Amino acid sequence: VPAPTKTYTLCGTPLYLAPEVILNRGHNGGADHWCLGVMIYEMLTGGNPFYNHDMDQVQLFTAIVKAQFEIPSSVSPVSNLLIHAFLQRNPSRRIGSLAKGEDDILEHPFFATIDFDKLRRKKIEPPMKPKIRNPLDTSNFDDWSHLQDKRKTKYPKLSENEQSIFADF
């Protein structure tokens with residue numbers, strides 16, 4: 001029995017789901033390439049290509065399935081081409097799913113300054129090396145301690161009087 005080439009599982013963050021996942025048509029690595037396109041868009045623009053603040057999930061999924069998005073003029077032409085190549089509605093036309101497979105991605109002009117052979121051999125110095133004191137060191141992450149624990153504010157502890165109601169429960 002030949003191995004299946006697609007899966008039909010629904011797994012992922014709604015903002016990153018590829019059209020074929022939403023439509024339950026079966027998906028393969030092309031769905032990952034779609035996600036990479038969404039992530040590159042977000043890294044370059046600070047926003048999601050399909051979502052705006054007054055959308056519900058149905059509207060989001062409709063925009064994704066129709067591949068409706070706009071790229072700000074501040075995005076370079078090379079970046080624009082790469083994003084459009086990743087966010088192709090038809091997975092068989094998506095970069096990474098074409099004749100040369102993932103080599104098409106690596107050879108795209110967007111990545112022209114990256115020597116992938118050196119990268120694979122770990123011969124490229126990272127632009128920043130975080131200082132880590134121990135395996136549990138979180139000092140390189142943003143501090144979110146100023147946020148309240150919603151569980152405590154939504155469900156505050158019961159007073160003694162309120163707790164007494166459940167004494168024989």
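These exercises look at salt bridges in a predicted model.

**Exercise 1.** How many salt bridges does a search of the whole structure find?

*Solution.* The search covers the whole structure and finds five salt bridges. Three of them are worked through below. Here is the background: side chains of opposite charge can pair when their charged atoms come close.

**Exercise 2.** Classify Asp117 and Arg120 as buried, partly exposed or exposed.

*Solution.* 
- Step 1: Asp117 has 48% relative accessibility, so it is partly exposed.
- Step 2: Arg120 has a relative accessible area of 53%. That is over 50%, so Arg120 is exposed.

**Exercise 3.** Describe the salt bridge between Glu125 and Lys129.

*Solution.* 
- Step 1: The two side chains meet at 3.3 Å, N to O.
- Step 2: Glu125 is exposed, at 61% relative accessibility.
- Step 3: Lys129 is exposed, at 56%.

**Exercise 4.** Arg133 and Asp137 form a salt bridge. Is each partner buried or exposed?

*Solution.* 
- Step 1: The N to O distance in this pair is 3.4 Å.
- Step 2: Arg133 has a relative accessible area of 67%, so Arg133 is exposed.
- Step 3: Asp137 has 13% relative accessibility. Buried means under 20%, so Asp137 is buried.

Definitions and conventions
Residues are numbered from 1 along each chain as its sequence is written. This is a predicted model: local features need pLDDT of at least 70, side-chain atom pairs count only at pLDDT 80 or more; totals for chains, interfaces and linings use all residues. Side-chain values use heavy atoms; hydrogens and water are left out. A salt bridge is a side-chain nitrogen of Lys or Arg within 4 Å of a carboxyl oxygen of Asp or Glu. Buried means under 20% relative accessible area, exposed over 50%, partly exposed in between (1.4 Å probe, protein chains only).
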